[in-house]
Amino acid sequence: MTPSERMYLALRAAILHGDFAPRQPLKPQELATQHVVSLAVARETLLRLVGEGLADRLPNRGFAVPDTGDERWQQIAEARATVEPAMLRMAIERGDLEWEVRVRAAHHRLARATPYEQDPDGWSEAHRLFHRTLLEACGNDVLMGTFDRLWTDSELARRWSAVKGPARDAAAEHLALEEAVLAREADRAAGLLRHHVTRTVKPLTRS
């Protein structure tokens with residue numbers, strides 16, 4: 001693994017784990033010293049995180065952890081609640097038997113994953129794969145690329161929501177989604193997904 005990749009993985013995990021405060025500066029020179037890499041590698045890593053929505057690039061001011069303001073999370077939720085239900089309808093219309101098998105397997109993996117509280121990274125990856133599998137049969141690479149970016153943008157919000165938000169039965173929400181999708185109930189599935197996405201952001205907003 002290259003120094004650049006090691007720093008990227010470490011810094012990405014630190015941001016997602018809440019080791020940095022919202023809007024906290026991410027200073028390239030300090031990070032380069034901490035991770036024993038060159039300044040160029042540190043800047044490259046930060047730009048990569050900016051591309052994923054896990055860092056902000058500030059004009060003439062360097063880099064910082066994303067803000068946690070209401071507007072940011074509401075926009076993320078609105079984007080996902082608009083795009084993903086439409087993709088799910090397309091997937092239900094176009095998906096074949098092999099897709100159904102992958103959906104069932106992805107849900108089984110998520111249901112059997114170590115709980116988030118014990119293994120946030122492992123559970124989060126199983127969670128991502130379940131949601132991505134639901135949509136992949138839409139057959140549109142551009143939309144899937146949009147999903148990937150929105151998912152990364154929302155992952156920080158979801159992890160903060162898991163800490164700040166009230167208890168919720170996410171397992172029941174995922175099971176209901178799987179059942180509606182495999183039953184080819186497009187209207188029900190799209191509604192469940194829209195509710196599931198917007199509910200994540202509610203604890204982080206005053207609205």
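1. The predicted structure holds 12 salt bridges, and the points below treat some of them, including the pairs made by Arg 48, Arg 102 and Arg 188.

2. Arg 48 and Glu 5 form a salt bridge in which the closest N and O atoms lie 2.9 Å apart. Because Arg 48 belongs to helix 3 (residues 39-52) and Glu 5 to helix 1 (residues 3-16), this pair ties together parts of the chain that are 43 residues apart in sequence.

3. Arg 102 forms a salt bridge with Glu 136, and here the closest N and O atoms are 2.6 Å apart. Arg 102 sits in helix 5 (residues 97-111) and Glu 136 in helix 6 (residues 120-136), so the contact ties together parts that are 34 residues apart in sequence. Arg 102 has a relative accessibility of 40% and counts as partly exposed, while Glu 136 is partly exposed with a relative accessible area of 27%.

4. A further salt bridge joins Arg 188 to Glu 185, with 3.2 Å between the closest N and O atoms. Arg 188 counts as partly exposed at 37% relative accessibility, and Glu 185 is likewise partly exposed, its relative accessible area being 35%.

Definitions and conventions
Residues are numbered from 1 along each chain as its sequence is written. This is a predicted model: local features need pLDDT of at least 70, side-chain atom pairs count only at pLDDT 80 or more; totals for chains, interfaces and linings use all residues. Side-chain values use heavy atoms; hydrogens and water are left out. A salt bridge is a side-chain nitrogen of Lys or Arg within 4 Å of a carboxyl oxygen of Asp or Glu. Helices (H or I, at least four residues) and strands (E, at least two) are DSSP runs, numbered from the N terminus. Buried means under 20% relative accessible area, exposed over 50%, partly exposed in between (1.4 Å probe, protein chains only).
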